Amino acid sequence: MPCGYQAQINSLRERLNAALCGKSEVVEYVLACLLARGHLLIEDLPGLGKTTLAKALAHAVGGKFARVQCTPDLLPSDITGFTVFNQQTREFEFVEGPVFADVLLADEINRATPRTQSALFEAMAERQVTVDRHCRRLAETFFVVATQNPVESHGTYPLPEAQLDRFALKLHIGYPDRASELQMLQANVGPLGAKHTTPEAVVSLAELRGLQEHIAQVAVDVTLHEYLVDLARATRNHPEVTLGLSPRGLLIWQRIAQAWAHLHGRGFVTPDDIQQVAPPVLAVRLAGRFESASKVIEDIIQSVPVPISAPGGGT
Amino acid sequence: VKIVHLDTNRIPAPLGLARLHIDKVDQPDFFAWAEGEVVQMTRERIPPFTVIRLVSQVPAAGQLQEWAFPREGRVLAEADVTFAVPNNEQAAAIAALAKAWAGNASRGWPQIAAVVSRLREQYEHAPEATVPAGCHDSVAHFLLDSHRGPDYLFASAAAILLRHLGYRTRLVSGFYAAPEKYDSRSRHTPVVAQDVHFWAEVELGFNHWVTVEATPGYEVLQPPTTLAQRCLQAMRSAWQWCWNHPASLAAGCVVLVATAWYRRHLLDFLLRSLWHIPASRSAEACILATVWLLDRRCSCVGRPRPKFVTLTSWYGNSDVTKEGDTEAVKRLFLRMVDWYLYAPSPIRRSTPAWSQQEVRATCLWAIRFWSLRRCYRRFSQSGPRMQGRST
């Protein structure tokens, strides 16, 4: 792996770890999601650092950050933008919505109505929005971080499967350990002004785009393609799963595994990469009658043997 | 029986003929009784290449142990040839010999067997031996003087000795189908004119007879044994061998116990020796052979690597020591495993990471590191672990 790429990734990693104390594993998944050009859904209790993480990520990549606080009265045009008549120029002008940012934080996304939620469909999948019959391209590094609260269910609209399938990963941050909380408290003592300064970006958007291009070229052997397909089929055949992995989900799984391999210093994917990213990848898109998604995912992993053979061709 | 050339119309059949079938002959008047229980065809000779299917019922020697043979004087008449004994000066000596050989054996088959075994063990079968000129009682000469002779003398001697003990016997001539001549490919036992043979038969009663084979080297065909009988016979033979060879038995037991005790090590030694064959071929083959050998060791200690657990997570988690060098080499080996098993060929060809010597040396280290003992200690303590993180 070129040293430049590794240095950029290390800088991103340090910045995110500094923002979210004691959650290096979560940071690794967030990095993998960013490098794989996926979108991230964070489901956890209030105050655990969801917004902090999203803002730190936006600032670290040096892009434009936008935040949407989702409420039931939020309209699709509040996200995508709208057209207004400019009396001075006597022309209609398009006012871009927050979706035109590089990193969009959709806070408590399950509080928006399904109509508003669906406004993000096209943006997340195709990186474009269509307003007034005009198709407008979004940034190449467009990245959605959505959060939702799993506890409060009053006045919420659960995300439909189609929307969930557009997210690459679903993560739980969880409470930090004691040492991390102590470190967080110590770091928060000091002048107030220092906390309002925006930190410098460690990676430019162009560099991020280069990183993402590089990740897409991480090699995957044909035996691992077969392994991935077998795993996908296992999700569809599992008795407790009513909605297995879609082909889009399979592509995302491979891309996340590529990013994971790159994050661990390899230019090729191994079965470990596939297995290690399986829980967050599958958790967001498997639907069924099960109580514990992790148990089902473990069952699925255990039902497919790991390929062990001399590799043939590659990608 | 397949007749090729037999210049008689008598059908050669064993004792106790129960069923007889000749293909394309389905009328009973084609057959007739010859002397005794011998069946003959009502024509001059049996045509060549006639196939005859025979079923005979032969009592097994074991079933005769308790059989009550007819006693002398019960049905015997002076003219009964099956009980006649030579009335000369040697008769008393032969009778004494018969009683001596019978010894304390109870009347019946044990007594018959005792007499016959003496003949088979103490007398020599000499087909070319002849009776001296002027000898009027060839059986007495054979029994008392020469102790050697052809099969008809053995048969005659057995018949006479048993008659002295009160059994009805008769002398029979026929053909001997030697078991050693059996051809397993054609499933035939060829019988030729030179296979003519003499033996004696003892009456069981009610005109049923049983063969007594007194000539050494000849055996009576026994009825097919059951599986239980064969097992019993095998056990008896094994016990007999053990009794006769205690030293060999002890040595064999020691070797057997040692082999059983060290079976894993022996198998591992064999596999480790075979490892060198693929290991010298290429780096990929070396890695594959090493992984196979390590997996085999885990299976050997009763904790096979589950098929869904990756090599890195299985062997990477098996650290019993955190020594720096050891950990570094272990990680190097696991990196090699990943590289040679999962890096696509174009990448491996374009950027060779390690030489074959380095791979081989690292694999040898891995084979030494994950020894049977270490595998047993490590893998038998905990179940498989997945490295997947929960979200």
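Between chain B and chain A an area of about 2,400 Å² is buried, and carbon and sulfur atoms give 65% of it. Buried area is the accessible area (1.4 Å probe) that two parts lose on being put together, summed over both. In this interface 26 residues of chain B are in contact with 37 residues of chain A, where contact means heavy atoms within 4.5 Å.

This is a predicted model, in which local features need pLDDT of at least 70, side-chain atom pairs count only at pLDDT 80 or more, and totals for chains, interfaces and linings use all residues. Residues are numbered from 1 along each chain as its sequence is written, chains are lettered from A and ligands numbered from 1 in the order in which they are written, and side-chain values use heavy atoms, leaving out hydrogens and water.

How many salt bridges does the rule find across the interface of chain B and chain A? The rule finds zero there; a salt bridge is a side-chain nitrogen of Lys or Arg within 4 Å of a carboxyl oxygen of Asp or Glu. Over all chains the count comes to 23 salt bridges. One of them joins the side chains of R209(A) and E140(A), at 3.5 Å from N to O. R209(A) lies in helix 9 (residues 205–216) of chain A and E140(A) in the loop between strand 7 (134–137) and strand 8 (143–148), so the pair links distant parts of the chain, 69 residues apart. Helices (H or I, at least four residues) and strands (E, at least two) are DSSP runs, numbered from the N terminus.

Now turn to helix packing. Two packed helices are described by the angle between their axes and the distance between the axes. Axes are lines fitted to C-alpha atoms, for helices over the stretch in contact, and angles run from 0 to 180 degrees between N-to-C directions. Angles under 35 degrees count as roughly parallel, over 145 as roughly antiparallel, 65 to 115 as roughly perpendicular and the rest as oblique.

In chain B, the axes of helix 5 (residues 227–244) and helix 6 (residues 246–261) come within 5 Å and cross at roughly 105 degrees. These two helices of chain B are therefore roughly perpendicular to each other. W241(B), C242(B), W243(B) and N244(B) of helix 5 meet P246(B), S248(B) and L249(B) of helix 6.

Helix 8 (residues 283–300) and helix 12 (residues 356–369) of chain B have axes that come within 9 Å and cross at roughly 5 degrees. Helix 8 and helix 12 of chain B are therefore roughly parallel. Residues making this contact include A283(B) and C286(B) of helix 8 and Q356(B) and V359(B) of helix 12.
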